[in-house]
Every structure is written in C-alpha cells, then in structure tokens.
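Have the structure open while you read.

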Amino acid sequence: MGAGFSAFAYSSSNGGPSLLRPTLDDVPESCVSSILMYLDPPEICKLAGLSRTFHGASLADFVWETKLPSNYKTLVKKFLQESPENLSKKQIYARLCETNCFDGGTKQLWLYKSSGKICLSLSYKALKITGIDDRRYWNHISSEESRFHMIAYLQQIWWFEVIGEIEFEFPPDTYSLFFRLQLGKASKRFGRRVCNMDQVHGWNNKPVQFQLSTSNGQRASSECYLHEQGNWFYYKVGEFTVEKLHTQIKIKFSMTQIDCTHTKGGVCLDSVLICPSELRHKLNQSQAVKTNALRSGDSRIHLGLGL
C-alpha cells in the first residue's frame with residue numbers, strides 16, 4: 001500500500017496532490033531479477049549500477065545460477081575446495097572465471113566471462129613430447145606470452161611427435177581442441193617484441209598431422225602446414241560433442257610430423273586449448289590484437305582468449 005502512495009506528494013503552493021515521476025527504485029526487485037536472468041553476465045553487471053534496486057536484483061542466486069555450467073557444484077568442490085552452499089551463485093561465477101590451476105599447475109580451467117562456458121588449457125608440460133628432455137632438441141623458455149609463463153622451443157629434430165590426454169566432466173556442448181604454436185622465437189628489444197626466424201625450417205615440406213579421439217567413440221583428424229611466422233596461432237585439431245550431463249569423457253589428441261627425410265625446427269609450443277566451438281572464430285583474431293600490442297611495447301594485455 002505504501003508503494004502505491006509513493007508516486008504522490010503534496011504541492012507546497014496549493015496543498016493539492018501532484019503526481020511525481022516514478023524512478024527505477026519503484027520497480028519491484030523481483031521483477032528486475034526476472035529480467036536480468038535473460039541477459040549476459042557483462043550486461044547484468046552494467047545494469048547493477050543503475051540503482052539500488054537493480055544492484056539488489058543483480059545479486060539474486062537464481063539470476064546467476066542460469067549462467068553457471070551444469071557441473072558447477074563439482075567444479076566448486078574440486079577447484080574452489082568449498083561447499084557450493086557456502087557461496088552465493090555470483091561469488092561462484094566470479095571465482096570460476098578466474099584461472100583455476102590443477103594437476104600440479106600444468107592444467108588450467110576458467111569460465112568464459114561473457115557466457116559462463118568452460119575453457120581448459122594444458123601446458124606443454126602436461127604432454128608427452130619426443131625428445132623434450134634433450135637440450136640438443138628442445139629448450140624450456142620463460143615467457144610472459146604464455147598462461148603458464150613457460151614455453152618449449154624446438155631447435156631441430158627429425159621425429160616430431162606431441163601426444164596428450166585429459167579426462168574431464170564437460171557440460172553438454174560442442175567443443176574444439178587447438179594447439180597453440182608459434183614459428184620463431186620471440187624476445188624483447190628496447191621494450192618491443194621481436195621474433196627470430198633463423199631456425200625456422202622444415203614445416204613447408206610436409207603438413208603436420210592432428211588427431212583427436214574420445215572415450216565415447218568420436219574421432220577427428222586434420223592436417224596443415226605451419227604458416228604463422230612470428231605470431232602465436234591456434235591450430236585446430238578437431239571437435240567433439242558432449243550430450244549427457246555429469247559424464248566423464250576422456251580425450252586423446254596428438255600432433256605429429258614424422259617424415260624423417262628432413263629435419264624441422266624453430267617452433268614454439270605453448271599449450272593445448274579446449275573451448276566451446278562457438279568461440280573458435282574469436283581465438284586468432286584476439287591473439288593478433290595481443291601480439292600487436294606486445295610489439296608496440298604494451299605489456300598490459302592479458303593473454304589467453306582475453307579472459
């Protein structure tokens with residue numbers, strides 16, 4: 001009843017009622033929450049600053065639960081080491097959007113901020129790589145351009161083979177798997193990024209073979225010549241689809257160039273990325289922006305899908 005009279009006030013001049021213009025705070029918070037649940041997380045955060053009512057509505061658990069992946073309770077227990085009941089849904093969303101490391105820091109999980117969908121990255125240290133411990137072939141180099149702050153640089157080798165696998169409970173969706181590679185070795189000169197191409201050779205003779213298989217029988221393969229000199233590039237291996245809720249799926253993948261008629265070298269291996277296929281078109285476009293920023297001396301750009 002009080003809300004019904006809130007739109008009226010008395011004029012000081014004649015004592016009669018005058019209609020005041022309603023404000024955003026006159027809208028019931030529950031109605032605002034019902035609208036916000038249909039918006040993307042960045043839009044919700046922007047609208048939260050409009051008024052106290054919008055701010056309160058933006059904190060509603062049912063708003064943020066619609067943005068969380070279906071397996072968020074498992075993720076909270078495993079990565080946040082908390083009970084899901086002890087955190088608000090917005091807190092869970094925010095913390096899962098941060099980088100969450102596991103398996104000794106060789107793997108990372110995070111949510112894509114705009115959609116709440118899961119992304120995974122595996123460091124080269126989580127992979128089986130031919131000759132990786134022999135310094136005649138590979139060097140381990142610290143790098144600010146990697147999510148893991150370390151990359152592997154191949155000087156020269158005859159038999160190039162990288163194999164990996166991961167078992168994880170993915171929410172239902174279609175995912176793409178990529179290798180993040182760069183031809184040439186980057187360094188800084190006078191505060192700007194430069195890339196040495198002296199040891200790049202052998203990749204234009206034969207294409208690299210990519211393969212992927214899953215524990216539920218899906219397979220994918222592709223091949224391409226490594227072509228992006230001086231830039232990090234996501235080379236797509238293939239796609240797989242998860243249809244069932246709360247199901248562990250094992251993915252095996254590989255990258256090979258085992259034609260021993262010639263040597264190959266001068267490539268940097270950073271990581272493997274698994275992300276929803278709808279994001280694949282943004283990857284290399286986003287990466288190009290970041291590389292150009294580093295070339296210009298801007299070190300503020302965060303690498304890794306802009307998350």
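Two strands count as paired here if DSSP finds at least two bridges between them. By that rule, strand E13 (residues 208–214) pairs with strand E16 in the antiparallel sense, over six bridges. Across that pairing, Leu 212 has Phe 253 of E16 as its bridge partner.

Before going further, keep in mind that this is a predicted model. The protein chain has 307 residues, and 45% of them count as buried. It holds eight helices and 17 strands. If you take the contacts with a separation of 6 or more, 66% of them come from residues 24 or more positions apart.

**Around E16**

Back to E16, which spans residues 248–257 and is mostly covered, with seven of its ten residues buried. Strand E9 (residues 160–169) also joins E16, running antiparallel to it through ten bridges. There, Glu 167 finds its bridge partner in Lys 250 of E16.

**Around E5**

Strand E5 (residues 117–123) is mostly covered too: six of its seven residues are buried. Strand E4 (residues 107–112) pairs with E5 over six bridges, again antiparallel. E4 and E5 make a hairpin with four residues between them, and Gly 116 in the turn has a positive phi of about 80°. Lys 107 has Leu 122 of E5 as its bridge partner. Leu 122 also stands opposite Val 272 in E17. E17 covers residues 267–276 and is joined to E5 by four bridges, in an antiparallel run.

Here are the pairings side by side:

| Strands | Bridges | Sense |
|---|---|---|
| E9 and E16 | ten bridges | antiparallel |
| E13 and E16 | six bridges | antiparallel |
| E4 and E5 | six bridges | antiparallel |
| E5 and E17 | four bridges | antiparallel |

**Two helices**

Now for the helices. Two packed helices are described by the angle between their axes and the distance between the axes. For helix H6 (residues 72–80) and helix H7 (residues 89–97), the angle is about 60° and the axes lie 11 Å apart. That angle makes H6 oblique to H7. The crossing of H6 past H7 is left-handed.

Which residues make the contact? From H6 they are Tyr 72, Leu 75, Val 76 and Leu 80, while H7 brings in Lys 89, Ile 92, Arg 95 and Leu 96.

Note on methods. Residues are numbered from 1 along each chain as its sequence is written. This is a predicted model: local features need pLDDT of at least 70, side-chain atom pairs count only at pLDDT 80 or more; totals for chains, interfaces and linings use all residues. Side-chain values use heavy atoms; hydrogens and water are left out. Axes are lines fitted to C-alpha atoms, for helices over the stretch in contact, and angles run from 0 to 180 degrees between N-to-C directions. Helices (H or I, at least four residues) and strands (E, at least two) are DSSP runs, numbered from the N terminus. Angles under 35 degrees count as roughly parallel, over 145 as roughly antiparallel, 65 to 115 as roughly perpendicular and the rest as oblique. A crossing is left-handed if the near helix is turned anticlockwise from the far one by less than a right angle, and right-handed if clockwise. Contact means heavy atoms within 4.5 Å. Buried means under 20% relative accessible area, exposed over 50%, partly exposed in between (1.4 Å probe, protein chains only).
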